[in-house]
Amino acid sequence: MGNSPRLDAALAAAASAAEVIRRHYAGHVSARAKPDGSPVTDADVAAEQAIRAIVAERFPDDGFYGEESEAEHMDAEHVWLVDPIDGTKAFVRRYPMFSTQIAVRRQGRLEIGVSCAPVYGETAWAERGAGAYLDGARLAVSDVDRIERAALSTGNLRTLAGGPRWPAFGRLVSRLDRVRGYGDFLHYHLLAAGRIDAVLESDINILDVAALAVIVEEAGGRVTDLEGRPIGLETRSIVATNGRLHEAILGALAA
């Protein structure tokens with residue numbers, strides 16, 4: 001079964017953005033602060049424009065919600081969620097832990113996800129009902145079913161560290177087989193490939209994780225927020241697992 005037209009467009013958009021990003025990465029990179037204090041570069045803006053051009057050409061009636069532009073037509077049947085460079089700080093400091101994230105929602109449900117790391121050198125994608133892939137190889141989560149055997153990766157824990165769950169998180173860490181902080185796109189790719197078993201983050205934006213959620217779920221995993229709720233536009237925390245560990249990890253964090 002071939003890709004849907006929107007998945008083909010998302011992959012083409014990611015490839016177009018990758019060309020822009022690699023070109024900027026090879027030159028001088030400087031960042032400026034947005035009103036919220038987060039950094040943005042010319043590469044972020046140009047990469048989003050490249051993505052938006054492909055979406056506008058192929059699906060002019062679709063909505064578009066991008067990190068670097070005004071959201072448009074959010075009530076459309078299909079809405080594209082785009083972070084052209086997720087990990088701008090890494091991009092500016094010249095280490096390859098950044099990616100382009102492209103997701104498509106249909107009637108409020110995430111249906112397509114593309115996660116392209118143009119300098120690190122891998123691309124993952126998924127579509128509902130069609131499986132998840134990393135550079136063409138089918139992805140599947142692990143079968144680890146006990147916290148004591150699990151490898152968990154963390155990122156963006158500031159809110160968790162300042163909140164009531166921090167002691168419970170410490171107790172969870174003491175039970176795990178391994179704790180790492182691969183961060184950004186990478187730990188979701190590793191989770192979907194069965195190389196680690198869970199990911200926990202407490203300070204995220206939906207644009208950072210929408211595509212990755214589709215990929216993890218199509219690989220057989222489960223994704224919620226820290227309360228166990230499905231992720232949506234307002235989500236600010238995430239627990240992603242191989243599915244078998246999900247309730248145990250949520251329970252441990254609530255203890």
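**Basis.** I am working from a predicted model, where local features need pLDDT of at least 70, side-chain atom pairs count only at pLDDT 80 or more, and totals for chains, interfaces and linings use all residues. Residues are numbered from 1 along each chain as its sequence is written, and side-chain values use heavy atoms, with hydrogens and water left out.

**Cores.** I looked up the nonpolar cores (sets of buried Ala, Val, Leu, Ile, Met, Phe, Trp, Tyr and Cys residues joined through side-chain atoms within 4.5 Å). Buried means under 20% relative accessible area, exposed over 50%, partly exposed in between (1.4 Å probe, protein chains only). The largest core has 68 residues. Ile-51, Trp-80, Leu-81, Phe-91, Ile-102 and Tyr-188 have the most contacts inside it. Apart from this core lies another, of 18 residues, Ile-147 and Leu-172 among them.

**Tyr-188.** I then listed its contacts (heavy atoms within 4.5 Å). Beyond neighbours within four places in sequence, Tyr-188 touches Val-199, Glu-201, Val-209, Leu-212, Val-216, Ile-238 and Ala-240.

**Thr-235.** Is Thr-235 buried or exposed? Thr-235 is buried, at 7% relative accessible area. Leaving aside neighbours within four places in sequence, I find Thr-235 in contact with Ile-204, Asn-205, Ile-206, Asp-225 and Pro-230.

**Largest pocket.** I checked pockets on a 1 Å grid over the protein atoms alone (an open set of points for a 1.4 Å probe, with protein on both sides within 12 Å along at least five of seven lines; lining residues have an atom within 4 Å of a point). Of the 38 residues lining the largest pocket, Ser-38, Asp-86, Asn-156, Asp-203 and Asp-208 are the closest to its centre.
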